[in-house]
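Hi,

Here is the structure I promised to pass on.

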Amino acid sequence: MGILPAQIGRIVGNVMQIGLRTVLPPRCGGCGAITDTVHAVCADCWAGLRFISDPLCACCGYPFELAGDDDAGDGFLCGECLRKSPAFDAARAALVYDNGSRDYLLRFKHGDRTDLTPLLSRWLLLAGQDFWGDADLIIPVPLHRTRLLMRRYNQSGLLAASLSRQTGIAWHGTVLRRLRKTRSLGGLGPSSRKREVGGAFGVDDRIAARIGLAGARVVLIDDVLTTGATANACARILKRAGAMQVRLITVARVVR
Ligand SMILES: [Zn+2]
Ligand SMILES: [Zn+2]
C-alpha cells in the first residue's frame with residue numbers, strides 16, 4: 001500500500017515540529033526555564049499565578065472572593081463602581097497583578113518575549129469570554145511612537161491581533177492614537193494619573209469612518225488595569241467618536 005499525500009504532509013509536519021523544538025526549546029514565560037511543552041509555564045511559576053474567577057464586580061471585574069468579600073455575588077457592583085461608574089462599560093482581567101504576573105508582563109513588554117503572545121492571548125480570550133459574542137472591533141491601547149520605536153512592538157497590539165485571529169472579530173491598531181507621551185504612571189496617585197492621561201489619546205477620524213467605529217461595540221486591550229485612568233481616557237475618546245460600547249480586557253489587574 002502506498003503512502004497517501006495527506007500522510008506525507010503529516011510526516012513532514014511532525015519532522016519539522018521536532019526540528020523546531022530542537023532548535024528552540026520552549027521556555028517558561030515566567031522564569032525562562034526550559035519546559036517540555038510549547039508556550040507552557042513551569043510548575044513553580046504556574047503555582048505563583050493568581051487567576052481571577054467569579055464572583056466579580058459586574059462592571060469592573062473586581063474579584064470579590066480574592067478580596068475577602070465572600071457575601072457579594074454575580075451581578076453585584078463593587079464599592080468603587082457604585083460610587084462612580086467608569087467611562088468604560090466593563091472590564092475583565094486574567095490575573096491578579098502581583099510579583100508573579102509582573103514578571104510575565106515585564107518580559108513580554110521589555111524582554112522581547114513576543115513568543116509569549118499565544119499564552120497570554122489564551123488567558124485574555126477566557127477572561128473576556130462574555131464579550132466576544134457581540135463585539136465588533138478589538139482595539140489595543142496605543143503606545144506613543146517614540147516608545148514604540150524603543151520597544152519595536154506594542155504588546156497590546158500583538159494580543160489584539162492574536163485575539164482577532166481566534167475570535168474572527170476585526171482589530172485595528174491605529175484608529176486610537178497616543179497624541180503625546182505620558183510619564184510612567186507608576187507611583188502616581190489616582191488624580192495625578194487622570195491628569196497625566198487627560199488629552200493624551202485621540203481618534204483618527206478618517207480611519208474611524210472607514211472601519212465603522214460609530215455604533216461599534218469595542219473591546220479594548222491593555223496589559224494592566226491599575227486605577228483605570230488610561231482605560232477611562234481611551235473609552236471617553238472612543239465614545240466621543242461614536243463607539244456604542246467600550247469594554248476592556250487586561251492581562252492583569254490590581255486588587256486592593
Ligand atoms: Zn517558570
Ligand atoms: Zn467594580
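Helices (H or I, at least four residues) and strands (E, at least two) are DSSP runs, numbered from the N terminus.

A note on where this comes from: this is a predicted model, in which local features need pLDDT of at least 70 and side-chain atom pairs count only at pLDDT 80 or more, while totals for chains, interfaces and linings use all residues. Residues are numbered from 1 along each chain as its sequence is written, chains are lettered from A and ligands numbered from 1 in the order in which they are written, and side-chain values use heavy atoms, with hydrogens and water left out.

**Overall**

The chain has 10 helices and 7 strands. Of its 256 residues, 48% are buried (under 20% relative accessible area; exposed is over 50% and partly exposed is in between, with a 1.4 Å probe and protein chains only). If you take contacts (heavy atoms within 4.5 Å) between residues at least 6 apart in sequence, 71% of them join residues at least 24 apart.

**The sheet**

Five strands make an open sheet with parallel pairing, in the order β1-β7-β6-β2-β3. At the edges sit β1 (90-96) and β3 (170-171), each of which pairs on one side only. Strand β7 (residues 245-253) runs parallel to β1, and 6 bridges join the two. Along that pairing, A90 has R247 as its bridge partner, and A91 stands opposite L248. On to β6: 8 bridges join it to β7, again in parallel, with V224 opposite A252. β7 is mostly covered, with 9 of its 9 residues buried.

α10 lies across β2 (137-140), β6 (217-225) and β7, and runs at about 160° to β6 (axes are lines fitted to C-alpha atoms, for helices over the stretch in contact, and angles run from 0 to 180 degrees between N-to-C directions). One residue of α10 is N232, which counts as buried because its relative accessibility is 13%. Setting aside neighbours within four places in sequence, N232 touches P86, A87 and F88.

In α8 (residues 190-197), the buried residues are R193, E196 and V197. Seen down the helix axis they fall within an arc of 85°, so they line one face of α8 (the arc is that of the directions from the helix axis to the C-beta atoms). Their cover includes β5 (201-203) and α10 (229-240). After α8 comes G199, with a positive phi near 75°.

**The zinc site**

What holds the zinc ion (ligand 2)? C57, C60, C78 and C81 coordinate it through their SG atoms, at 2.3 Å. (Donors are N, O and S atoms within 2.8 Å of the metal, or 3.2 Å for Na, K and Ca; water is not among the atoms, so sites may look incomplete.) The arrangement is tetrahedral because the 4 donor atoms subtend angles of 106 to 115°; four donors count as tetrahedral if all angles lie between 85 and 135 degrees. Along the chain the donors follow the spacing C-x2-C-x17-C-x2-C. C60 and C78 link distant parts of the chain: both are in the loop between α2 (43-48) and α3 (79-83), 18 residues apart. C60 is buried at a relative accessible area of 9%, and C78 is buried at 6%.

Cheers

Technical notes: Tetrahedral: all angles 85-135°; square planar, octahedral: opposite > 155°, others 65-115°. Pairing = 2+ DSSP bridges.
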